[in-house]
Amino acid sequence: MIPLILRQLRVRLLVVLAICGAFYLLEPTFHVHADEAADAAQAIPPGEIAFTLANLAGASMLVLLAGFVATDRRRGYYRLYFSHPTRPLAYYALRWGVAYGLTLAVCAAFFVVSQLAAWGEIRAGADALVQPALFALIYGGVVAFASVAFPRGDSLVALALYLVTDLWQGFLSFFGETGVAPPLSPLVRQGISFVLPPHLALRDFYEAARAGHAAWGAVGFAGGYGLFWLAAAALLLWSREWP
Amino acid sequence: MIRLDGVEKEYGGWMARARGRVVRALDGVSLHVPPGTAMGIVGPNGAGKSTLIRLLLGYIRPTGGAVRVDGMEPRAYVGSRGMGYVPETVAIPPAWSVGHAMRVFAALSELDAPAAKIDGVLRRVGMEDAAHRRIGALSKGMLQRVAIAQALLGQRAVLVLDEPTGGLDPEWIAELRAIVAEWRAADPARVVLIASHDLDELERTADRVAVLEAGRVREVIDLRAPALRFPAYRLEVEATPHAGEAVRACFPDAVAEEGPDLAFRVQPTDTDDLNRRVAELLRRGVSVRALAPERETLEERFHGAVGRGRGRKGGR
């Protein structure tokens, strides 16, 4: 089954590779030339590419998983699939797993190739791959739930959530840096931060790694967030009738 | 093999329930399909045929009552053993090739040596040269044949055909009949369910037919059972001057047909009675051109069952 799923994903994989190219062009860290590399390495730590990789992982999951349950439900493809001895949960778990594996493979390849292309050597440590793995889990979980819950637009829901989270962080940073009192109570702010994808947890992990220790709590929270939406998607898939 | 006991199915969530807009698709359906049966399901539009099939495949759950396939919940049965299924509307991703679609279905069935089985079923439906063709480029009839081919993959005990002749030309309708007969002959315990509006086709394929109307089983017609009463006959005689008079003398209840032939509908009580009256007719010098029993067609019985149902509904 896996080779057949990979074959179905080949066009989407090309889109992901195009996104890789775009990320390489847009990430300033990769465009510091050899003669200024020593200074640049100080100014922009190589570990920063972990955030580029994380965004790439999220984008890859959105592309590879778009409509993976919703389209089957809406267009009725499931009728023939599940007349064969297959459990829907196992089938979609496999498809999700293939997308996740493919995303990690693309991120690992990008991690190596982009650094060699930019600097001729690997500067960032392998811990830069933890954030993309978590980001793929977070947004993979969100897309999975949206794909089961809604008839279309699952990846757009996840993208909207990403943008809202980014805006929310900008909102928090603004009040944090200016010292102006934010309009919302601390409890509400914490509640919203808890519900939105935990981008800050990944930042905590990165900062802890730079300081030489591991922030396992942040990793657990970020991973738990993705697993929560995956479990919710599985429960909804199991309990919902087919249209 | 398949047993439905007092099955009810309502559509509509709590909002619809609160507004009193629940749609009751099945209303206390009880049906038993023993092994080796070809069961037809007929009914007017909206009678509940599609709901019944979706329940059997486990795509929806009953609101009340129980559905069992070989003693199991339908989803558990289909998930472990599979059912051959040809839906009314065949949906396969249009960008796939026929070969890729068949490989996917074979992989879902976890078949051993799938390539040989795929070749075999595609050959059986006359699609062996179409493996490279895109699903989106197929005609409706060819798509229907792909759906039939995937239903034949794997050794299933139950085959569910929902309007299977839709889009098929007369040649392939006959071929489908042969395919179903072969499929049944391979294992006499196999069960086939056919939902169709084509009553002539059902009469040729099914052993029993359940007539559904307004979510209820109005009648289960056993097409293989002998007729309950001796049939009426169509009697045609040479048109001589006294032939009509002789027929009426021998068959006092004969009803003359309209048309150019001198033909009557007669109702003997049994075979002896028929032979005695025909002998008397011949003795009177009447030449018999044809004598054929009139069978009540499925269509007549279907309209009878539905009409009775409507009569009951009107009486309430």
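Me: Which elements make the right-handed β-α-β unit in chain B?
Reply: In this predicted model, the unit is made by strand β6 (residues 158-162), helix α7 (residues 170-186) and strand β7 (residues 191-195) of chain B, and the unit is right-handed.

Me: How do β6(B) and β7(B) pair, parallel or antiparallel?
Reply: β6(B) and β7(B) are parallel, with five bridges between them. One pair of bridge partners is B:Val158 and, in β7(B), B:Val191.

Me: What joins β7(B) to β3(B)?
Reply: Strand β3 (residues 38-42) of chain B is joined to β7(B) by four bridges, and the two run parallel. Here B:Gly40 has B:Ile194 of β7(B) as its bridge partner.

Me: And how many bridges join β3(B) to β8(B)?
Reply: Four bridges link β3(B) with strand β8 (residues 208-213) of chain B, again in a parallel arrangement. B:Ile41 is partnered by B:Ala210 in β8(B).

Me: Why is β3(B) said to be largely enclosed?
Reply: Five of the five residues of β3(B) are buried, so the rest of the structure largely encloses this strand. On one side are B:Ala38, B:Gly40 and B:Val42, and on the other B:Met39 and B:Ile41; both faces are covered.

Me: Which way do the residues of β7(B) point?
Reply: B:Val191, B:Leu193 and B:Ala195 point one way, while B:Val192 and B:Ile194 point the other way. Five of the five residues of β7(B) are buried, and the strand is mostly covered.

Me: Which residues touch the most other members of the largest nonpolar core?
Reply: They are B:Val160, B:Leu193 and B:Val211, in a core of 76 residues. Helix α6 (residues 140-152) of chain B gives the most to this core, namely eight residues. As background, nonpolar side chains tend to be buried together in soluble globular proteins.

Me: What is B:Val160 in contact with, leaving aside its neighbours within four places in sequence?
Reply: B:Val160 is in contact with B:Ile53, B:Leu56, B:Leu57, B:Met83, B:Gly84, B:Tyr85 and B:Leu193.

Me: How many residues are in the second core?
Reply: The second core is separate and has 58 residues, among them A:Leu53, A:Trp96, A:Leu134 and A:Phe205.

Me: Turning to chain A, why does the span of helix α12(A) agree with what it should be?
Reply: Helix α12 (residues 216-239) of chain A has 24 residues, which at 1.5 Å a residue should span 34 Å; the C-alpha atoms at its ends are 33 Å apart, so the two agree.

Me: Which residues of α12(A) are buried, and what covers them?
Reply: The buried residues include A:Ala218, A:Ala222, A:Tyr225, A:Gly226 and A:Trp229, together with A:Leu230, A:Ala233 and A:Leu237. Their cover includes α7 (88-119), α8 (130-149) and α11 (199-210) of chain A.

Me: What is the strand order of the open sheet in chain B?
Reply: The order of its four strands is β11-β12-β10-β13, and the pairing is antiparallel. β11 (255-256) and β13 (288-294) of chain B are at the edges with a single partner strand each, so each has one side without a neighbour in the sheet.

Me: How many bridges join β10(B) to β13(B)?
Reply: Six bridges join strand β10 (residues 232-237) of chain B to β13(B), and these strands run antiparallel. B:Tyr233 stands opposite B:Pro293 of β13(B).

Me: Finally, how many residues does each chain give to the contact?
Reply: Chain A gives 16 residues and chain B gives 24 residues. On the side of chain A that touches chain B, helix α6 (residues 78-81) of chain A gives the most, with three residues. By class, that side of chain A has eight nonpolar, four polar and four charged residues.

Note on methods: Residues numbered from 1 in each chain as written. Chains lettered and ligands numbered in written order. Predicted model: local features only at pLDDT ≥ 70, side-chain atom pairs only at ≥ 80, totals over all residues. Contact = placed C-beta atoms within 7 Å. Nonpolar A, V, L, I, M, F, W, Y, C, P; charged D, E, K, R; others polar. Core = buried A, V, L, I, M, F, W, Y, C linked by C-beta atoms within 7 Å. Buried ≥ 20, exposed ≤ 12 C-beta atoms within 10 Å, placed from the backbone. Pairing = 2+ DSSP bridges. Right-handed = clockwise from strand over helix to strand, strands pointing away. Expected span 1.5 Å × (residues − 1).
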